[in-house]
Amino acid sequence: MLVVMQSHATEEQVREVCRRIESLGLKAHPIPGSIRTAIGITGNKGALDLAVLESLPGVVECIPVSKPYKLVSRDAKQEDTILRIPTPSGDVVIGGEHIALAAGPCAIENEAQTMAIAEAVAKTGFRLFRGGAYKPRTSPYSFQGLGEPGLKLLAKARERFGLGIVTEAIDNESLDLVEQYADVIQIGARNMQNFSLLKRAGRSRKPVLLKRGMSATLDEFLMAAEYILAEGNYNVILCERGVRTFADHSRNTLDLTIVPAVKKRSHLPIFVDPSHGTGRRHKVLPLSRAAVAVGADGLLIEVHNEPDKALSDGVQSILPEEFVRLASEVRQIAAVLERKLN
Ligand code: PEP
Ligand code: MN
């Protein structure tokens, strides 16, 4: 259910509607828009009879939301959400006319590797550095990440090069630590339906990058994001990273059709990760071009200074100089769409 307020409704009127909703044992989510505020209601088990709310000053109407997701839906907020990610060298803006590039290794391996790649990324002028300290690996015998020492290396790179950090939490325990170091908390594909982790991320004050599960439908993907918003964290970036299909020429099938499908249904920004989406270095540039052309709000790219020695995902990692070329090409495509990279 959504309560639509008049465009000239006062803050006090919005607060009063929220108070009345909460007095019914429900949760109110005021969602300010450029024209009007809508108030999402969650916590109801069945249909609600909220005629009483319609008679409150400042209310236009109460509308049932037919979709299973409410807060992520365009019904709740018509215009695109534009996120500002604070970094030591200024805000990175995501959405609207702004496209963000985040780059870095799959995993944080050691100090020399981290600093070399962070320096190369910083030199390109982009300010979001990705790298996992906790790695959800298919095999328990593969490198699992450095854990907190890896987060400390990320903090050092952040400080030295002014980079914002995007790094993954794999469970509630690691999230407690990750949120102290990260500027953006990543939730990986394998955890897209880890509901307790989603709720915990929803209680964090840091923005969340939520990857699509490898067999998740669009509704499941949006419902996972809904878990985070329902707990009060509205700073969510979706990320398409490829799904499992019968195709065997590619690690995954990068489903770029989801970008316009998300845009139609949701106000949230969506990134594309062509590294995991293809699994092969030579496909990263062409799919990055396509992702920006189809309307992605950002790219997540695996970059390594010595990909052949990488402890994870070397075959899909590009060199820093290839990232420079990628950025230059997608900048030109973005310009055609009147968008800018940052
Ligand atoms: C990653 O970004 O390194 C990662 C593990 O991604 P995904 O969850 O999409 O597999
Ligand atoms: Mn990876």
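Gly232 lies in the loop between helix H7 and strand S12 (236-240); helices (H or I, at least four residues) and strands (E, at least two) are DSSP runs, numbered from the N terminus. The model is predicted, so local features need pLDDT of at least 70 and side-chain atom pairs count only at pLDDT 80 or more, while totals for chains, interfaces and linings use all residues. Residues are numbered from 1 along each chain as its sequence is written, chains are lettered from A and ligands numbered from 1 in the order in which they are written, and side-chain values use heavy atoms, with hydrogens and water left out.

Gly232 has a relative accessible area of 37% and is therefore partly exposed. On this scale buried means under 20% relative accessible area, exposed over 50%, and partly exposed in between (1.4 Å probe, protein chains only). Not counting residues up to four places away in sequence, Gly232 touches Lys27 and Gly202, where contact means heavy atoms within 4.5 Å. Gly232 and Leu254 are 22 residues apart in sequence, and their C-alpha atoms are 30 Å apart in space.

Now the chain as a whole. The protein chain has 11 helices and 15 strands. Its radius of gyration is 21 Å, close to the 20 Å that the globule rule gives for 342 residues, so the chain is as compact as a globular protein of that length. The radius is taken over C-alpha atoms, and the globule rule is 2.2 Å times the number of residues to the power 0.38. Along the principal axes, the C-alpha atoms fill a box of roughly 65 × 45 × 45 Å. Of the 342 residues, 55% count as buried. Among contacts between residues at least 6 apart in sequence, 68% join residues at least 24 apart. The accessible surface of the protein chain comes to about 14600 Å², and 52% of that belongs to carbon and sulfur atoms. Accessible areas come from the Shrake-Rupley method with a 1.4 Å probe; for residues, only the protein chains shown count as cover.

Next comes the metal site. Which residues coordinate the manganese ion (ligand 2)? They are Cys106 (SG), His276 (NE2), Glu302 (OE) and Asp313 (OD), at 2.0 to 2.4 Å. Donors are N, O and S atoms within 2.8 Å of the metal (3.2 Å for Na, K and Ca); water is not among the atoms, so sites may look incomplete. Along the chain, the donors of the manganese ion follow the spacing C-x169-H-x25-E-x10-D. His276 lies in helix H9 (residues 274-278) and Glu302 in strand S14 (residues 298-302), so the pair ties together parts that are 26 residues apart in sequence. His276 counts as buried at 8% relative accessibility, and Glu302 at 0%. Asp313 is found in the loop between S14 and helix H11 (320-336). Asp313 counts as buried because its relative accessibility is 19%. Phi of Asp313 is near 55°, a positive value in a residue other than glycine.

The residues around ligand 1 include Cys106, His276 and Glu302, along with Lys135, Gln186 and Ala189; a residue is near a molecule if one of its heavy atoms lies within 4 Å of it. An N or O atom in the side chain of Lys135 is 2.8 Å from an oxygen atom of ligand 1. For Gln186, a polar side-chain atom lies 2.9 Å from an oxygen atom of the ligand. Ala189 has a backbone N or O atom 2.8 Å from an oxygen atom of ligand 1. The protein covers 97% of the 300 Å² of accessible area that ligand 1 has on its own.

Arg212 is found in the loop between strand S11 (208-211) and helix H7 (218-230). Arg212 counts as buried, because its relative accessibility is 7%. Its side chain makes a polar contact with the side chain of Asp255 (2.8 Å). A polar contact is a pair of N or O atoms within 3.5 Å; within protein, one must be able to donate a hydrogen and the other to accept it, and residues adjacent in sequence count only if both atoms are side-chain atoms. The backbone oxygen of Ala216 lies 2.9 Å from a polar atom of the Arg212 side chain.
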